[in-house]
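Me: I would like to go through some of the labels attached to this structure and see what each one rests on. Please set each value against its definition.

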Amino acid sequence: MANTTVQENNYMLNDLAAQGRQEQLPGAVRHAEQTHDHLFTFYTENGTRLLLHVLSDKILRFRYLTPGAAAEPDFSYAVPGAGDHHPTRPAVPTFLEFKEKSDHYRITTGRVICIVWKDSLRTRVLDRSGNILSADEKGFHWQYDYESGNDIVKMSQQVPSGVCYYGLGDKPANMNLRGQRFLNWGSDTYGYEKGTDPLYKNIPFFQVLHQRIAHGIFFDNTFKAFFDFAAERADVTSFWAEGGEMNYYFIYGPTLLEVTQEYTLLTCPPELPPLWTLGYQQCKWSYFPQSNVHAVAQGLRERQIPCDAMYLDIDYMDGYRCFTWHPQHFPEPKQMVADLAADGFKTVVIIDPGIKIDPQYPVYREGLANDYFCRRADGPLMRGSVWPGLCTFPDYTRPEVREWWAGLFEGLIKDVGVRGVWNDMNEPAVFEKGTFPDDVRFGYDGQPGSHRKAHNIYGMQMARATNAGVKRFSYPNRPFTITRSTYAGGQRYSSGWTGDNIASWDHLWLANIQCQRLSISGFSFIGSDIGGFIDTPSGELYSRWIALGAFHPFFRTHSSGDHGDQEPWSFGEPTTSLARHFIELRYRLLPYVYTAFWQYVSQGTPMLRPLTFLDQNDPETYLRMAEFSLGDNLLVCPITQAGVDGRWMYLPKGQWYYYWTDELKSGGQEVWAAADLTRIPLFIKAGAVVPMQPVMQYVGENAVEELTLHVYHPGQAEPFESVLYDDGGEGYAYEQGHKTVRRFRVAADANGLTISQTTEGNYQPSYATYRVVLHGLPATIEVADADGQSATLGQYEATETTAAAPALWVSSSFQELKLLLAEPAAEAQG
């Protein structure tokens with residue numbers, strides 16, 4: 001009998017333990033109240049609460065609190081708080097209504113309707129026309145994790161037929177994420193491949209497209225997070241994290257472009273970079289000694305290959321100690337940097353988070369004396385091996401540590417003259433162990449936590465501290481920082497690259513996908529290691545890769561030194577000439593690229609846009625991945641196979657000119673783009689005005705005396721508007737209005753073409769003349785009139801493209817340029 005009682009008690013104990021591991025649900029809603037103007041709180045019978053914050057007509061924030069849990073301070077590294085500078089904070093809702101019905105509560109804004117069901121706390125979001133945008137399956141639920149003491153917080157939603165998912169940062173997978181599962185846990189993934197997960201960056205934001213209507217979900221949780229896009233169950237998508245709160249933002253479009261804009265403005269775009277950072281950059285692990293750096297720089301100039309930046313990897317340091325110089329390899333760093341600057345090169349250096357444990361090393365001594373390094377749960381310093389050997393690591397989640405770290409850049413930036421800093425190994429990476437143990441403690445800006453909570457934002461906070469230092473000591477110039485790892489909102493502090501890729505055609509394909517995906521995830525200042533970091537590319541692969549890189553915002557060749565040389569001339573001819581050709585094209589396009597960056601900064605528009613973003617009403621675009629636009633008017637499609645002389649690609653709606661021939665094609669169909677090694681498939685939108693400047697060896701080498709406007713006839717389309725932004729490309733005078741926005745409107749009628757220009761702002765560029773090149777004219781020009789004055793008309797001539805086109809010259813201050821064309825019939829008879 002006693003033995004039976006013991007068995008029953010054991011069964012009861014085991015049963016209680018099993019219950020503790022079961023999924024918990026909120027239960028029925030007991031009551032709801034509007035606690036602030038735009039905040040609603042829903043209380044359930046078992047103590048679960050939903051805080052639903054209406055940020056704007058388009059953005060709803062869902063924050064769930066489990067029973068007995070006190071609301072943590074409302075803090076986010078991704079979304080600046082009320083006390084922070086946030087120039088793009090969402091506008092308050094223009095309309096807001098709260099009603100209680102028999103079985104649900106209803107919140108209505110100017111754009112969406114949110115229903116909260118009383119029986120379960122499940123939610124549904126609709127547009128004002130009644131289309132269901134998002135509907136919970138189980139909705140919010142959670143499970144206690146005994147090992148960490150955290151709740152694993154989960155959200156599951158219904159998957160309607162035909163839905164597509166995009167975004168989620170640097171995932172090396174097909175553009176449409178449906179049917180796949182992913183993990184956010186920043187990892188040093190040397191030589192990753194398609195399908196490798198996780199990678200370096202942690203951006204928990206994705207877009208949903210269904211019935212041609214788009215919305216986004218931003219899951220602002222820094223713990224290890226998972227995303228299942230109908231992989232486990234075809235009718236359910238879910239996301240969850242191993243701690244923290246279920247805290248997500250619903251972002252309504254209705255276009256994919258608007259979803260990304262709203263997210264980017266919510267998490268804040270970066271400030272404008274210096275223009276030179278959009279030029280070509282040359283990097284290697286490693287250029288040393290000092291003479292080798294000069295030789296590579298000289299090689300670029302002698303071969304007339306434009307370049308703005310030279311990089312120094314870890315071998316410039318003394319024993320890999322950050323903020324030091326190797327006494328033999330770089331005995332005169334200040335002179336070297338000055339000599340490079342005199343030849344137009346800006347010097348960029350790498351800085352890692354690992355600080356060598358060395359009592360003779362001032363940075364280590366300072367950090368130790370002030371207790372700035374991360375510690376284990378029981379008190380000892382976090383120690384791990386990276387390039388210098390055994391190291392400690394700063395806790396960048398503490399304001400005083402970020403301030404100290406920023407101050408360390410005075411020597412590199414102010415004293416030596418370095419212009420940019422590149423953060424690597426900041427996932428954080430530790431040799432052989434991967435990353436820090438879970439018990440490492442962080443200050444987390446006043447909300448202490450473990451590495452479980454801080455891992456995914458470590459790289460972002462390092463970039464934040466680095467950017468603060470570079471900015472402080474670069475002033476009045478603008479800062480330039482690069483990071484390998486980041487979190488949502490990290491675009492405020494840094495540019496980035498896609499990590500340690502491989503010299504293969506597969507990785508050229510991946511570079512295209514990853515840069516598009518990061519761009520639509522709010523992080524536009526992105527590029528890949530051109531040619532591949534690991535192994536050596538063929539001349540053909542390098543040529544195709546640099547052609548693609550010319551259309552990525554961050555444009556850098558980088559390689560590992562133990563795999564051979566990878567300078568543009570390393571492969572001989574014709575590769576050297578091909579590299580020069582595409583780099584020169586990039587420099588001609590800098591006014592256009594800089595304008596696209598200004599649009600990103602001011603409007604949140606991604607610089608790189610997948611085909612779906614260009615026409616989400618066309619299902620043909622939903623699964624395509626190769627084609628993308630750079631800014632508003634350039635459509636690019638890289639060649640990612642060896643031995644081909646062109647490719648089939650899909651044109652979105654509208655009319656498009658093939659850049660190399662001016663051949664006009666209609667969108668909504670596949671077209672063949674002939675492209676030998678001298679070309680990349682590149683189309684220009686009909687009606688566009690594409691600004692170009694003369695080729696220079698580096699930004700600022702010469703004053704731009706004449707700007708070329710390539711104008712593409714709009715055909716029968718409606719008038720078309722293009723924009724050109726300029727502020728000189730350096731300094732902060734633009735913040736006081738020292739900038740100019742020029743808007744061009746191109747309209748065609750039966751008799752000719754009219755190009756109008758409006759100008760806002762007071763910045764005066766160095767040029768006073770436009771060379772206007774006219775593409776696709778149906779007839780010859782009889783009369784050209786600019787503001788009532790006859791314009792100077794040139795002959796048909798080969799232009800920056802390979803197509804001959806007529807050109808004319810007008811003042812850069814013109815307001816209206818009218819072209820009268822000869823009648824096509826008369827033209828034909830002649």
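**Labels and their grounds**

Reply: Strand 44 (residues 752-761) and strand 52 run antiparallel and are joined by 5 bridges. The model is a predicted one, in which local features need pLDDT of at least 70, side-chain atom pairs count only at pLDDT 80 or more, and totals for chains, interfaces and linings use all residues. Residues are numbered from 1 along each chain as its sequence is written, and side-chain values use heavy atoms, with hydrogens and water left out.

Me: What makes strand 44 and strand 52 a pair?

Reply: Two strands pair if DSSP finds at least two bridges between them, and here 5 bridges are found; Gly752, for instance, stands opposite Leu820 in strand 52. Strand 46 (residues 781-786) is likewise joined to strand 52 by 5 bridges, again antiparallel, and Val783 has Leu820 as its bridge partner there.

Me: Why are helix 10 and helix 11 called roughly parallel?

Reply: The axes of helix 10 (residues 539-549) and helix 11 (residues 575-588) cross at roughly 5° and come within 9 Å. Angles under 35 degrees count as roughly parallel, over 145 as roughly antiparallel, 65 to 115 as roughly perpendicular and the rest as oblique, and the two helices are therefore roughly parallel to each other.

Me: Why is Ile534 called buried?

Reply: Buried means under 20% relative accessible area, exposed over 50%, and partly exposed in between (1.4 Å probe, protein chains only); Ile534 has 8%, and is therefore buried. Ile534 lies in the loop between strand 30 (529-530) and helix 10.

Methods. Helix = DSSP H or I, 4+ residues; strand = E, 2+ residues; numbered from the N terminus. Axes fitted to C-alpha atoms, helices over the stretch in contact; angles between N-to-C directions.
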